[in-house]
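I opened this model to look up a few helix and strand details. My notes follow.

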Amino acid sequence: MHALTTCLRTALAGGVLASAVAITPPAAQAADNPVSGKAPAAAAAAAPSLTDIAARLPKVGPQDVIKLAASQVGISENAAGGGTKFQEWYMTSPRALETLARDGGALGDYENAPWCDMFVSWVGQRLGIQPVMGADAYTVEHARWFAEHGRWGRTPKPGAVVFFSWSGSKAIGDIKHVGFVVKDNGDGTIRTVEGNTGNGAVEARTRPAWQVAGYGYPVYPAELAS
């Protein structure tokens, strides 16, 4: 099952992973359409400062993310929808155990699951900035993470994590896919690098901006004032 259909929690054979529609977000999470980009007061008070965290991370910037993501173009899945290094990495990561506790299922379910967000998460981990980029296998929860940290908006920027809803919905709960912004083309389209797109590969794409539900903005250490 490719990202063009879904990058949500997948209801695999036997209903191993929970269906996205069955999940009720906690009250402390951001609303589905956070226009202000501000986290709820309770979540903001409990969350550590991403800026403080970023100050202790490698001096990575947006172009470093774009370069690494673009270097993976051409990597593709096998006939079962798995076999990528992104899925293999995610299954060995501590984050996988956390998302299993949240979503249910078994670790092996990630092997052939939609991997667009695993690709995004892998890039962040490889560059040492996972704490300020977030990591997930479920696009909706990853978008909510950005919103909760006040890092959600509607402006395309190079290095932003772009979340898509093919219907044009701006509701976080309707997100189906994720990738990285390479550039705003200035004509109503954006250039991206995405995993699990097309026939299940990493590809550079041009997308209409109306399909974007919103953008997550990592706190890039290289952009912090010295």
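**Strand notes**

I began at F164, which stands opposite H177 in β3. Strands here are DSSP runs of E with at least two residues, helices are runs of H or I with at least four, and both are numbered from the N terminus. The model is predicted, so I kept in mind that local features need pLDDT of at least 70 and side-chain atom pairs 80 or more, while totals for chains, interfaces and linings use all residues. Residues count from 1 along each chain as its sequence is written, and side-chain values use heavy atoms, without hydrogens and water.

Next I looked up the strand partners. β2 (residues 161–164) and β3 (residues 177–184) pair antiparallel over four bridges; pairing takes at least two DSSP bridges. β3 is also joined to β4 (residues 189–197) by four bridges, again antiparallel. I found K183 bridged to R191 in β4. The β3 and β4 hairpin has four residues between its strands, and G186 there takes a positive phi near 75 degrees.

**Helix notes**

Then I turned to α3 (residues 62–71) and α6 (residues 116–126). Their axes come within 10 Å and cross at roughly 125 degrees. Axes are lines fitted to C-alpha atoms, for helices over the stretch in contact, with angles from 0 to 180 degrees between N-to-C directions.

Which residues meet? I noted V65, L68 and A69 in α3 against F119, W122, V123 and R126 in α6, with contact meaning heavy atoms within 4.5 Å.
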